[in-house]
Amino acid sequence: MLRYIYGTDLARLPILKHSMHKDRAVQFADRLKWAVTVDAQGEEHDEYDAMNPLYVIWENPDGTHGGSMRFLPTSERTMVNDHFANLLNGERIESPFIWECTRFVLGQQATPRVAAAMMLAGGELMRAFSLTHLLGVFDPRMVRIYSMIGASPEVLGSAGTGRDKISVGLWPFRPEDRTRVLRRAQVTSEQSEAWFDLSFGKSIQAMQKVA
C-alpha cells in the first residue's frame, strides 16, 4: 500500500523507516556510487531529511520499504536550487505550487508496479494540493522508467554525457496521465484515494476545497 507520511511521524514506523534508508544506501552509495552519507546502521540520510519533508512510501505486506520518494515545496530550500542551479543557467525555481521530488528509490525486490505507484502518488499530491508541477533531478537510468510508466518530464537542463548525465525536469499535472498510471500500477482510483484518506485523514476532494 501507499503511505504519505511527514518526516516527524516516521519514527512511529521504525521498520519502514529503517528499511527505506537502507534501500537508499544500497541504491545511491553501493549501486550508483554517489557521494552520499551512510551511517553506522547502514542508512543514507542527507540535510533535506531534517526539513520535515513529506515522504511517499510503498509499504510491503511485511511492513518493509518497497519504494519511496521525498517532497518539499520549492518555496523552501531544495536540492535543485542549492546544488543544481547550474543546470538552469543559475535561475531558481521557487513557487508554493511546484514541489521538488527527490530520492526516488525502489526496494531491491520491487516490481514495475511499485514504480508506477510512486508516480501515481505524485499525481495524487498534485491534485490534493493544487500543484501545477513537480520538479526533480534525474539520471539516465530513470528515463526508461518514466517512459515505461508514461510520465516523462519536460527537461529544463542537462549536464554530462552517457551514464554520468544529470538532468532537471518538470512534471505537469495532466488528468490523462493519472488514468494511464493507475493502469500501470494495477490500482483502482478508489483504492488510491482510500490510501490517501488513510494517511491524511481527509479526502483529496476535501483538500482541494481548502486549497
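Ser130 comes out as partly exposed, with a relative accessible area of 31% (buried is under 20%, exposed is over 50% and partly exposed is in between, using a 1.4 Å probe and protein chains only). Everything here comes from a predicted model, in which local features need pLDDT of at least 70 and side-chain atom pairs count only at pLDDT 80 or more, while totals for chains, interfaces and linings use all residues. Residues are numbered from 1 along each chain as its sequence is written, and side-chain values use heavy atoms, with hydrogens and water left out.

Back to Ser130: the residue sits in the loop between H3 and E7 (helices, H or I with at least four residues, and strands, E with at least two, are DSSP runs numbered from the N terminus). Its phi is positive, about 55°, even though Ser130 is not a glycine. Lys33 is another non-glycine residue with a positive phi, near 60°. This lysine is placed in the loop between H1 and strand E2 (37–38), and it counts as exposed at 64% relative accessibility.

The loop between helix H3 (112–128) and strand E7 (133–138) also carries Phe129, which pairs with Trp99 of strand E6 (residues 98–106), 30 residues apart. The rings of Trp99 and Phe129 are tilted, at 4.8 Å centre to centre with 45° between the planes. For reference, rings of Phe, Tyr and Trp (its six-membered ring) pair if their centres lie within 6.5 Å; planes under 30 degrees apart are stacked, those over 60 are edge-to-face and the rest are tilted. Trp99 is buried at 10% relative accessibility, whereas Phe129 is partly exposed at 22%. Another ring, that of Phe28, has the charged end of Arg103 sitting over it, 4.9 Å from the ring centre (the criterion is NZ of Lys or CZ of Arg within 6 Å of the centre and within 35 degrees of the ring normal).

What about the nonpolar interior? In soluble globular proteins, nonpolar side chains tend to be buried together. Here the largest nonpolar core has 39 residues, and Leu2, Tyr4, Val56, Phe71 and Leu125 have the most contacts inside it. A core of this kind is a set of buried Ala, Val, Leu, Ile, Met, Phe, Trp, Tyr and Cys residues joined through side-chain atoms within 4.5 Å. H3 provides the largest share of this core, 11 residues. Apart from it lies another core, of 8 residues, including Leu87, Ile93, Ile98 and Leu135.

Met69, in strand E5 (residues 65–73), is buried at 3% relative accessibility. Met69 and Met118 are 49 residues apart in sequence, yet 7.4 Å apart in space, C-alpha to C-alpha.

Helix H1 (residues 14–31) holds Lys17, and Arg24 is found in helix H1 too. Arg24 counts as buried at 1% relative accessibility; with neighbours within four places left out, its contacts include Glu44, Asp46, Asp49, Arg70 and Arg103. Lys17 is partly exposed at 29%, and, under that exclusion, is in contact with Leu10 and Ala11. Lys17 and Thr111 are 94 residues apart in sequence and 20 Å apart in space, C-alpha to C-alpha.Finally, the largest pocket contains about 760 Å³ of space. On a 1 Å grid over the protein atoms alone, a pocket is an open set of points where a 1.4 Å probe fits, with protein on both sides within 12 Å along at least five of seven lines; lining residues have an atom within 4 Å of a point. Grid points are joined across faces, edges and corners, and the volume is the space filled by probe spheres set on the points. Of the 42 lining residues, Cys101, Thr102, Arg103, Gly136 and Val137 are the closest to the pocket centre. H3 supplies the largest share of the lining, 6 residues. Elements that each supply at least two lining residues include strand E3 (44–45), helix H2 (79–83), helix H4 (140–149), strand E9 (166–172) and helix H5 (175–185).

Note on methods: Contact means heavy atoms within 4.5 Å.
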